[in-house]
Amino acid sequence: MFRWGVLSTAKIGREQLLPAIVEAENGVLSAIASRDLSKAKALGERFGAKHAFGSYEELLASKEVDGVYIPLPTSQHVEWTAKAIEAGKHVLVEKPLALDAKDIAPLIKLRDAKKVLVCEAFMVIYHPQWIKVRDLIADGAIGRLRHVQGAFSYYNVDPTNMRNQLDLGGGALPDIGVYPTVSTRFCTGKEPLRVQATIERDKKFGTDIYSSIRADFGDFELSFYLSTQMAARQVMVFHGEKGFIEVFSPFNAGLYDHHRIELHNQNHTEAQVFRFPGTQQYRREVETFARAAQGGKERVFTLEESVLNQKVIDAIFRAGGKEGWETV
């Protein structure tokens, strides 16, 4: 069994990853660390962790941990990923891994030197609905892909929430802009060449709260909008010459809609519905990661892919401050 350690008692860990680790067939929750030992102990008791630590350093030094999950604030991801690698631990770190693509290169060197697995936690690539979208496009189900359209929004104006704190890496693009980009890249195997963007920032928080983005992939375009201050919505549509594919709950499957996609024909007279009931994408993520860390030939999200995805986000930020196209 792969022995997991978790750095912090963050909400996404409590609600998504810790339950996934507990339910996983090939892993066990061994330790939780928090700067407040009482919180680590309480969460450890709730999820059955054998060990609780009052510092992250103690957990990283533990011989009872094979790999760690890092759900710390975004601004701390690179720092603690590096420390975990130095300690010889495999690392699954929440997205976004970095706030600038250039900050990932040192982690690649460390990973290679320590011979550990390091992955950004994009759970969507392990969900069968996205694998199905990728396969349908590759098989020519919609003919030539011409346009991808997406949206991801929610409403959050809590000043204490890290998503609204610029110094912690908050903002819509780091938090949710990564998803339309990574899912489009995953399904098509293509990279954008250039981007255009309109970005609005909150006057008090300073974070980006709305973006409208256009990305040129050469063979097709991606357009999507994001917001942290609009009614909650998620959708992705892949539109080709012979049909289109709609993903109804693309990123939080089962929450915004059922685990389903629809393939429509050219004349919009027929539709095939593909459902994936009961799929737990976070469990699939941690099980796949554990198998890969133990030497399995699993498809995981590599640091090299993280660099490519972050380059897109970096380019979008640059494009938001100018007219016209920005090269990725």
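Is Arg-46 buried or exposed? Arg-46 is exposed, at a relative accessible area of 57%; exposed means over 50%, buried under 20%, and partly exposed in between (1.4 Å probe, protein chains only). The model is a predicted one, in which local features need pLDDT of at least 70, side-chain atom pairs count only at pLDDT 80 or more, and totals for chains, interfaces and linings use all residues. Residues are numbered from 1 along each chain as its sequence is written, and side-chain values use heavy atoms, with hydrogens and water left out.

Arg-46 sits in helix α2. Helices (H or I, at least four residues) and strands (E, at least two) are DSSP runs numbered from the N terminus.

The whole structure holds 21 salt bridges, each a side-chain nitrogen of Lys or Arg within 4 Å of a carboxyl oxygen of Asp or Glu. Asp-216 pairs with Arg-194 at 2.9 Å, N to O. Asp-216 belongs to strand β9 (residues 208-216) and Arg-194 to strand β8 (residues 194-201), so this pair ties together parts 22 residues apart in sequence. Asp-216 is buried at 13% relative accessibility, whereas Arg-194 is partly exposed at 33%. Asp-112 bridges to Arg-111, with the closest N and O atoms 2.9 Å apart. Here Arg-111 is buried at 14% and Asp-112 partly exposed at 44%. Lys-102 and Asp-100 meet at 3.0 Å, N to O. Lys-102 is exposed at 58%; Asp-100 is partly exposed at 26%.

Helix α6 (residues 128-138) buries Pro-128, Gln-129, Trp-130, Val-133, Leu-136 and Ile-137. These buried residues pack against helices α7 (172-188) and α8 (281-293), and against strands β11 (229-240), β12 (243-247), β13 (260-265) and β14 (271-275). Contact means heavy atoms within 4.5 Å. Gly-140 follows α6 and has a positive phi, near 80°.

His-77 lies in helix α4 (residues 77-86) and is buried, at 1% relative accessibility. Leaving out residues up to four places away in sequence, His-77 touches Ile-70, Pro-71, Leu-72, Val-93, Glu-94, Lys-95, Pro-96 and Leu-97. The C-alpha atoms of His-77 and Ala-98 are separated by 6.6 Å, although the two residues are 21 apart along the chain. Among the contacts of His-77 are Lys-95 and Pro-96, which are joined by a cis peptide bond with omega about -10°. Pro-96 is in the loop between β5 (90-93) and α5 (105-114).

Positive phi values also occur outside glycine. Lys-115 has phi near 55° and lies in the loop between α5 and β6 (118-120). Lys-115 is exposed, at 71%. His-268 has phi near 60° and lies in the loop between β13 and β14. His-268 is exposed too, at 51%.
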